[in-house]
Structure formats: C-alpha cells, structure tokens
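I opened this notebook page to record what I looked up in the structure, entry by entry. The sequence and the coordinates come before my notes.

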Amino acid sequence: MTIRWIDQVQALPSLSPQLWSLMIAAGHSDVDPGVVAHGYREAEIVLDFRQLVSAELAELGVKHLLDGEPHENLPLHQAVVIARGCDIAVEFHCNGAASAQATGVETLSRAHNKPLAAELCRVTADVLGIANRGARPEGSGQHHRLAFVSDGGGIIHELFFLTNKRDLAAWIGGRRSLAKEVARVLADAVRTP
Ligand SMILES: [Zn+2]
C-alpha cells in the first residue's frame, strides 16, 4: 500500500493550528473506471481533482493523506483503511444516471459529518452553477461507494453528474476554482475545534 503523506506544506503561523487529521481520496481505482460517459472516465476525473485539492491544501498549510501517489488511485478497500485512521476523510466521485437530465452535487455521510458535507455541497453548487441535491445519509447511496462511509467513517462527495453534458461543461470550466473552494472548506474544518 502506498499511502501518500503530504507534509511539505506552507508554514502559516498566523492561522490557528491544524487540530484534525485529513485524508482526501479519489473514488474507484486504476483498474475500476467508475462512470464512463462523453469520453471521460470518472476515476481519472477524480484523481485529477484529488491532486488539485491537495496542491491547494498545501498552499493553505494543511497536512493531509492521499490514497496513492500522484498518478495512483488505490482500490477502495485500501482507501477505507486510511480513512478509518483519519478524523476527516473525503472521497471524490462523479455521479451517473440513466437519465441524461439528472444533475447536481450531493454528499453521503453519517450524521456527525453532515455540517461539513453540506458546506461541500454548497460551494460545489455555487462554483459550478449546478443544483444542490444536499447532504444525504449513508443509506441513500448506491452499491460499493458506501464502504467509505460505513467502514471508513468518511464523506462521499459526488461532485456532479458525468452523464449530464451541462454538468460536465461546468466541471471543465470550473474545476480549478472548485478545488480552491473545497480546499478552503477543508482547511477551515481541520482548524475548527
Ligand atoms: Zn464513483
């Protein structure tokens, strides 16, 4: 298992100290592409986003763990083990649906993570200009994704619907701005008692 520990981060002594450990993860893996639509693979989109958020977190002075080296996306069962050892863990996914109209961001988490999950939904809907489907309980999700919530205690962040062309266009235009905002939300969370 190659856990990537990002501890070369900016020193920002004026900010309150980091109180909680953090992991950010890319859903699926190098051998499981997740949703495939419009020429894109979910596993590659979320791996790219994990790296963007990681770079922003380092700028914000936040130490964190990743589920793999920069070009590596470890399988879920390994990500779950890492997540379980962290105070806050977020795994990025894209949603997919049979209906090309399905749109928006949502999260799946346990109740104690709901305030942070709701904030992740809010900034994602704002930055991408897509619907906010809200922070949902773990029971409302689909299939294998839930291990990260049920066994890892983490938050599943379903960024947008890859099956929706408008969502995808919003993503392509807004992903860098969103990485900044998601990192800011997480940086606040790890510094909040
Ligand atoms: Zn997924």
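**Entry 1: I3**

I began with I3, which I located in the segment before β1 (4-6). I note at the outset that the model is predicted.

**Entry 2: the chain as a whole**

I counted 5 helices and 9 strands in the protein chain. Along the sequence I read their order as β-β-β-β-α-β-α-β-β-α-β-α-β-α. The radius of gyration is 15 Å, close to the 16 Å from the globule rule for 193 residues, so I recorded the chain as being as compact as a globular protein of that length. Along the principal axes, the C-alpha atoms fill a box of roughly 50 × 35 × 30 Å. I noted that 44% of the 193 residues count as buried. Among contacts with a separation of 6 or more, 80% are accounted for by residues 24 or more positions apart.

**Entry 3: two histidines with positive phi**

I looked up H28 in the loop between β2 and β3 (36-37). Its phi is near 65°, a positive value in a residue other than glycine. Is H28 buried or exposed? I recorded H28 as buried, because 26 other C-beta atoms lie within 10 Å.

I then turned to H38, in the loop between β3 and β4 (40-41). H38 is also a residue other than glycine with a positive phi, here near 50°. I recorded H38 as exposed, because 11 other C-beta atoms lie within 10 Å.

**Entry 4: helix α5**

I traced α5 over residues 165-191, a helix of 27 residues. From first to last C-alpha, α5 reaches 37 Å, close to the 39 Å expected at 1.5 Å a residue. I found a kink of about 65° in α5, centred on G174. Which residues of α5 are buried? I listed D167, W171, L178, A179, E181, V182, A183, L186, A187, A189 and V190. I then looked up what covers these buried residues, and the elements include β2 (22-26), α1 (42-59), β6 (88-95), α3 (114-128) and β9 (155-161).

Definitions and conventions. Residues are numbered from 1 along each chain as its sequence is written. This is a predicted model: local features need pLDDT of at least 70, side-chain atom pairs count only at pLDDT 80 or more; totals for chains, interfaces and linings use all residues. Helices (H or I, at least four residues) and strands (E, at least two) are DSSP runs, numbered from the N terminus. The expected span of a helix is 1.5 Å times one less than its number of residues. The bend at a residue is the angle between axes fitted to the seven residues ending there and the seven starting there. A residue is buried if 20 or more other C-beta atoms lie within 10 Å of its own, exposed if 12 or fewer, and partly exposed in between; C-beta atoms are placed from the backbone. Two residues are in contact if their C-beta atoms, placed from the backbone, lie within 7 Å. The radius of gyration is taken over C-alpha atoms; the globule rule is 2.2 Å times the number of residues to the power 0.38.
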